[in-house]
Amino acid sequence: MSWEEPGSPQLSLSGFSSLASISSTAAPPARLPSLSLSIGTGGEDQQLGVSSDDGHKSVRAMKNRESALRSRARKRAYTQELEKEVRRLVEDNLKLKRQCKQSEIAALTAQQASNKQSSPHRRTSSTQF
């Protein structure tokens with residue numbers, strides 16, 4: 001690549017006024033390129049002294065941070081839903097256990113009542129003396 005082609009990489013020394021004033025008084029030889037802080041065709045990001053690679057890296061890092069935040073929010077919401085479901089299932093389990101116990105008590109009470117009705121004069125061996 002030749003340094004004299006249109007669209008070739010440009011140097012930007014904005015923000016370095018002392019260097020810019022030195023370079024403006026002594027023009028560089030025609031074959032030597034100017035010093036560059038970035039490689040590009042002179043777009044906006046080069047004027048800010050940020051190379052396009054650094055710009056893309058910072059944009060990518062920012063998008064990655066945002067994505068990580070969204071991911072953590074989704075995980076938090078999912079965990080909260082699971083915890084809510086666990087609480088509901090524990091409550092249902094306790095309710096079913098109570099119902100089961102009440103059914104067992106009712107069945108035992110009914111069985112005991114039927115035993116009393118079927119043999120009301122039943123005596124034990126100790127009372128027969």
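Residues are numbered from 1 along each chain as its sequence is written, and side-chain values use heavy atoms, with hydrogens and water left out.

So what's in the fold? We have three helices and zero strands, and the pattern along the sequence reads α-α-α. Those come from DSSP runs, numbered from the N terminus: helices are H or I with at least four residues, strands are E with at least two.

Now, how far should we trust it? pLDDT is the predictor's confidence in each residue, from 0 to 100. The protein has a mean of 73, with 52% of its residues at 70 or more. Confidence is lowest in helix H1, residues 17–25, with a mean of 43, and highest in H3, at 94. Residues 1–5 have pLDDT below 50, and that stretch has seven contacts in the model beyond near neighbours in sequence; a contact means heavy atoms within 4.5 Å. Residues 11–26 also stay under 50, and there the model has twelve contacts beyond four places in sequence. Where pLDDT is low, the predicted coordinates should not be read in detail.

On to contacts and surface. Take the contacts with a separation of 6 or more: 54% of them are between residues 24 or more positions apart. The accessible surface is about 11600 Å², and carbon and sulfur atoms account for 57% of that. Accessible areas here come from the Shrake-Rupley method with a 1.4 Å probe, and for residues only the protein chains shown count as cover.

Let's zoom in on helix H3, residues 52–118. Which residues are linked in a network of salt bridges? They're Glu85, Arg88 and Asp92. A salt bridge is a side-chain nitrogen of Lys or Arg within 4 Å of a carboxyl oxygen of Asp or Glu, and by that rule the count is two. Arg88 pairs with Glu85, with the closest N and O atoms 2.7 Å apart, and these two sit three residues apart, about one turn of the helix. Arg88 also meets Asp92, at 2.8 Å from N to O, four residues along, again about one turn. Arg88 is partly exposed at 38%, as are Glu85 at 36% and Asp92 at 31%.

Last stop: Val86, Val90 and Leu94 make a nonpolar surface patch, with about 250 Å² of accessible area together. Patch residues have over 30% relative accessible area and no salt bridge; like charges are joined within 9 Å, and nonpolar side chains (Val, Leu, Ile, Met, Phe, Trp, Tyr) within 5 Å. Val90 is in helix H3 and is partly exposed, at 44%.

Notes
This is a predicted model: local features need pLDDT of at least 70, side-chain atom pairs count only at pLDDT 80 or more; totals for chains, interfaces and linings use all residues. Buried means under 20% relative accessible area, exposed over 50%, partly exposed in between (1.4 Å probe, protein chains only).
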